[in-house]
Structures are given as structure tokens and as C-alpha cells.
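Please look over the sequence and the model shown below before reading on. The report that follows takes up surface patches and then aromatic rings.

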Amino acid sequence: MLKQWLGKSYLGNSVEEWALALGVALAVWIALAVTRRVVIFRLAKIAKRTTSSVDDVIVEVLEATRAFSHIALAIFVASHFLELSSKATDILRTVVMVALLLQVGFWAQRGVNVGVAKWKENKGDSSGARTMSAAITFIGRLVIWSLVLVSVLSQLGVKVGAVVTGLGIGGIAVALAVQNVLGDLLASLSLYFDTPFDIGDFIVTGGSKGTVEKIGLRSTRVRALSGEQLVFPNAELANKLIQNYKRMEERRIDFRLGLVYGTPYDKLKRVPAIIEEIISGMEGVRFDRSHFSSYGDFSLVFETVYFVLSPDYAVFMDKQQSLFLALYERFEKEGLDFAFPTQTLHLVKEQA
């Protein structure tokens with residue numbers, strides 16, 4: 001009876017052939033699952049001993065392997081032990097290809113997620129890094145699954161060219177409708193990867209100045225000195241001249257002071273040396289030059305240049321204040337008088 005039952009035919013194959021195919025499918029499925037676990041386990045052990053992040057990414061990608069891909073491959077291998085019609089073979093081959101394409105999509109998506117996470121970790125978990133990582137992940141997934149969708153439609157016999165053309169026309173219409181938003185999105189990526197400024201930098205652009213608080217997908221927020229928040233569209237900000245004071249290594253300062261006309265020549269020629277002496281004696285500054293630069297309308301003008309060896313504005317103001325106080329004290333001792341706006345009237349008495 002068993003032989004008779006095994007010899008019965010269903011869909012062109014005996015029960016024995018169906019049982020053999022089922023056993024093969026089960027064996028292949030188990031082998032693939034075990035192999036995946038062993039490979040991931042061994043690679044994970046190797047990854048712990050290396051400093052490279054490539055093997056970590058490979059392990060993460062392999063862990064994204066889905067069960068349906070194992071099942072699809074197992075059924076495909078088992079189908080070779082059956083007599084199937086050409087139509088059934090084509091359908092099975094299409095199903096397997098679709099399953100493999102979906103699996104490639106999951107692998108690629110996991111690769112993008114892990115790569116972006118590693119990049120964000122290196123950049124620091126700042127609000128700007130989180131914003132950009134979300135944008136990159138979204139764009140990466142959109143590209144991956146768009147390609148997978150087109151490939152799947154191709155496997156299903158859909159004329160991809162017509163679909164792509166239709167999507168292209170619709171895409172153009174959508175792009176025209178949201179071109180400003182897309183422009184800001186692309187500009188935000190440009191700003192973040194080109195990094196003309198970071199969160200916390202003090203910038204000046206277009207007559208506005210303040211501290212960068214957030215680099216968003218559409219706009220960048222800056223806290224002005226007066227307290228209000230300034231919101232710049234990224235597309236506009238990317239096309240402007242940006243002065244980033246946070247990245248200064250030192251500050252160059254030039255200032256002018258005037259002495260009264262009538263200052264004795266001997267005292268006048270000592271002024272640059274006095275200024276150099278005071279600046280050179282200060283910590284955190286570097287003297288550059290000091291000269292008697294011009295005859296002003298009401299003063300003898302001296303021009304001085306020096307550097308504060310810190311980008312911090314408060315440090316600069318402290319040094320400037322110390323210098324001006326020291327100059328005032330020294331000039332007072334030397335009998336040098338600062339000039340102020342004056343006019344001298346010469347009266348001529350006409351003779352009768």
C-alpha cells in the first residue's frame with residue numbers, strides 16, 4: 001500500500017518525488033540557516049579583534065538576511081528534483097529572483113544604516129549630525145528601494161521604460177512644485193559636508209551675525225547677539241559670504257591714536273617704541289608694528305597693529321582694555337597729550 005501511495009502522481013510528479021523535493025528543500029533551508037549563523041559568529045569574533053570597521057559592517061549586513069530568501073533558494077534547489085512545466089519553472093524562477101532582489105534591498109539598507117551610524121558616531125552625536133544622518137538615510141533608502149522596485153517590475157514583465165518615462169514626467173512636475181524645498185534640502189547637505197560652520201560657531205553673513213544653533217534640512221537657525229533667533233533658508237545661506245569667527249586662530253587688531261600738534265620732536269619719535277614696549281610686555285599678544293602714519297586735521301596720527309593669540313572676543317577686549325589703560329598711564333608720565341577735535345582761529349587786524 002505504501003508503494004502504491006508513493007507511486008501516485010500529483011501535478012506530474014509522484015508522491016515519492018514530492019517527498020524527496022520536500023526533504024531537499026528542508027535540508028537546504030537548514031544548511032543555509034546554519035551556515036549564516038556560523039559565518040556571522042566567526043566574523044563577529046574576528047571583528048572584535050580588529051580596529052577596522054569594515055568587518056563590523058559586513059556582520060551587520062549579513063544579520064539582515066531574511067528567512068524568505070532561504071526559503072526561496074531551498075524551493076528553487078528542490079524544484080530540480082521535480083518535473084515541472086516550462087510555465088511553472090518560469091514562475092518559480094521569477095519568484096526566486098524577486099525574493100533575492102528584496103534581500104539585496106535589505107542588505108543595502110542595513111549597510112546604509114550602519115555606515116551612517118558609524119559616520120554620526122565619528123562626527124559626534126550633535127543635532128546637526130542627527131539631522132544629516134536622517135537625511136542621508138532617507139535618501140539612501142529612497143534610492144535603494146527605487147532600484148529594487150524597478151528591478152522587480154522588470155522581472156514581472158512590466159515595461160520598465162514606460163514606467164520610468166511616466167515617473168520622469170511626474171517627477172519633473174513634482175520637482176517644479178517643490179523646487180525651493182529640494183534646493184534647501186540639497187543646500188543643507190552641501191553646508192554640512194562642506195562644513196563652512198558647525199553648531200556653536202559665531203558667524204556673520206549678509207549683515208546678520210550670531211551663534212549657529214541648528215542646521216536643519218530646510219533652514220539654519222542662528223541666535224543673534226540681541227537674543228532673537230534668525231532663520232536662514234539653506235539655499236540662500238549656501239550662496240552667501242560667511243565669516244566664521246569661531247575658526248580664527250588669532251585676532252589682528254589695528255588702532256590709531258592722535259597726539260596734539262606741538263608735541264616735542266624727541267617725545268614724538270619715541271612713541272612707537274613706547275607702544276612696542278607695552279605690547280611686548282603683555283602675555284597672549286604679539287606686536288607687529290607701530291608708525292607715525294599721518295598728519296590729521298587736528299592730531300599727529302600713529303597707527304599700530306598687534307595680534308591677540310586667541311579667537312575669543314572676551315579675551316580680545318580684555319587685552320585691548322589693558323593696553324589702552326597702560327598707554328594712558330605711560331603717556332601721562334611722559335607728558336604726551338592725546339588730541340581731540342579742535343580748531344584754531346587766527347584773527348588778523350586790518351590796518352585802516
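In which helix does Lys 45 lie? Lys 45 lies in helix H2, and in this model, which is a predicted one, it takes part in a positive surface patch together with Arg 42, Lys 48 and Arg 49. Lys 45 has a relative accessible area of 44%, so it counts as partly exposed.

**The nonpolar patch**

Two helices, H2 (15-49) and H4 (67-78), each supply at least two residues of the nonpolar patch, and the largest share, 5 residues, comes from H2. Is Leu 26 partly exposed or buried? With a relative accessible area of 48%, Leu 26 is partly exposed, because only values under 20% count as buried and values over 50% as exposed.

**Aromatic rings**

Turning to the aromatic side chains, the structure holds 11 aromatic pairs. Among them is the pair of Phe 106 and Trp 145, which is edge-to-face, with 5.2 Å from centre to centre and 75 degrees between the planes. Trp 145 counts as partly exposed, because its relative accessibility is 25%.

Why is the pair of Phe 292 and Tyr 295 edge-to-face? The centres of the two rings are 5.2 Å apart and their planes stand at 70 degrees, so the pair is edge-to-face; the cut-off behind this step is that planes over 60 degrees apart count as edge-to-face. Phe 292 is partly exposed, with a relative accessible area of 32%, whereas Tyr 295 is exposed, with a relative accessible area of 63%. Both residues belong to one aromatic cluster, which is formed by Tyr 261, Phe 292, Tyr 295 and Phe 302.

The table sets out the accessibility of the residues discussed above.

| Residue | Relative accessible area | Class |
|---|---|---|
| Leu 26 | 48% | partly exposed |
| Lys 45 | 44% | partly exposed |
| Trp 145 | 25% | partly exposed |
| Phe 292 | 32% | partly exposed |
| Tyr 295 | 63% | exposed |

Notes:
Residues numbered from 1 in each chain as written. Predicted model: local features only at pLDDT ≥ 70, side-chain atom pairs only at ≥ 80, totals over all residues. Heavy atoms only, no water. Helix = DSSP H or I, 4+ residues; strand = E, 2+ residues; numbered from the N terminus. Buried < 20%, exposed > 50% of the residue type's maximum accessible area, 1.4 Å probe, protein only. Patch = residues over 30% accessible without salt bridge, like charges linked within 9 Å, V, L, I, M, F, W, Y side chains within 5 Å. Areas by Shrake-Rupley, 256 points an atom, 1.4 Å probe, with all protein chains shown as cover. Salt bridge = Lys/Arg side-chain N within 4 Å of Asp/Glu carboxyl O. Lys, Arg positive; Asp, Glu negative; His and termini not counted. Charge placed at Lys NZ, Arg CZ, Asp CG, Glu CD. Phe/Tyr/Trp six-rings, centres within 6.5 Å; stacked < 30°, edge-to-face > 60°.
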